[in-house]
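Let's walk through this fold together, starting with the overall picture and then moving into the sheet.

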Amino acid sequence: MAHYRNLFFDLDDTLWAFSQNAYETFAELYMRFDYSRFFTSFEQFYRLYRKRNEELWGDYSAGRITKAELNRHRFHYPLESVGAPNPELACRFCEGFYELIPTKSKLMPHAREVLEALSTRYNLYILSNGFKELQCHKMRSADIEHYFRKVILSDDIGVLKPSPQIFYFALSATQSQLKESLMIGDSWDNDITGAHGVGMDQVFFNLTGRTDLSFSPTYQIKDLKELLTLL
């Protein structure tokens, strides 16, 4: 593995525990805005939100909707789906989300110790589809920003993973050679397929035990700590 010099990490659910942090954020906002008036439970609300959010992110990634449309629809949908449309309340909830979620600091298991060890031997970078107004704040809240030499976001160039453009942009922006670079991420479609498409080696952080893989990734792990054995 000595030929790698540059490690590109996805952020959400690879290093920063997005799923857990988001769940806590939504639970707090559900209480703050008294959403129990409209839903039988928080779980009902969150299930509706997550399903629609996943669909909308697919549309956003494909360029069918804008960032503003993504945010408007995903926060309005749960209220609309139970027959209680309230654009003003949905907007306030959205604002609360953007204020609260980047203050959360939970990391994936072993993330900090892995970054600490790898940062002494490799150039570490973030390559994320997340929004500019959130990602850097999240990293500061979790106190991991100092491990990375540069943060490359889809917002920087208006192109999302898995597009080859963002991988080539990341290589250029960091002056990294393709053959010396490795992409590490939990998203098969965005991180692994994207890196594979430009000829970059990959580490698939397979959290869910996914088996329907269209090709064999360079490496596959179930725990970040396995990186210390691989690298």
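How many helices and strands does the chain have? The chain has ten helices and six strands, counted from the N terminus as DSSP runs (helices H or I with at least four residues, strands E with at least two). Keep in mind that this is a predicted model, where local features need pLDDT of at least 70, side-chain atom pairs count only at pLDDT 80 or more, and totals for chains, interfaces and linings use all residues. Residues are numbered from 1 along each chain as its sequence is written, and side-chain values use heavy atoms, with hydrogens and water left out.

Six strands form an open sheet in the order 3-2-1-4-5-6, with parallel pairing; two strands count as paired if DSSP finds at least two bridges between them. Strand 3 (150–153) and strand 6 (219–221) sit at the edges with a single partner strand each, so one side of each has no neighbour in the sheet. From one strand to the next, the twist averages 20°, with axes being lines fitted to C-alpha atoms (for helices, over the stretch in contact) and angles running from 0 to 180 degrees between N-to-C directions.

Zoom in on strand 1 (residues 6–9) and strand 2 (residues 123–128): they pair in the parallel sense over four bridges. Phenylalanine 9 stands opposite isoleucine 126 in strand 2. Helix 9 (residues 188–197) packs on the sheet, touching strand 4 (181–185) and strand 5 (201–205), where contact means heavy atoms within 4.5 Å. The direction of helix 9 makes about 165° with that of strand 5.

Stepping back, the C-alpha atoms fill a box of roughly 60 × 35 × 35 Å along the principal axes.
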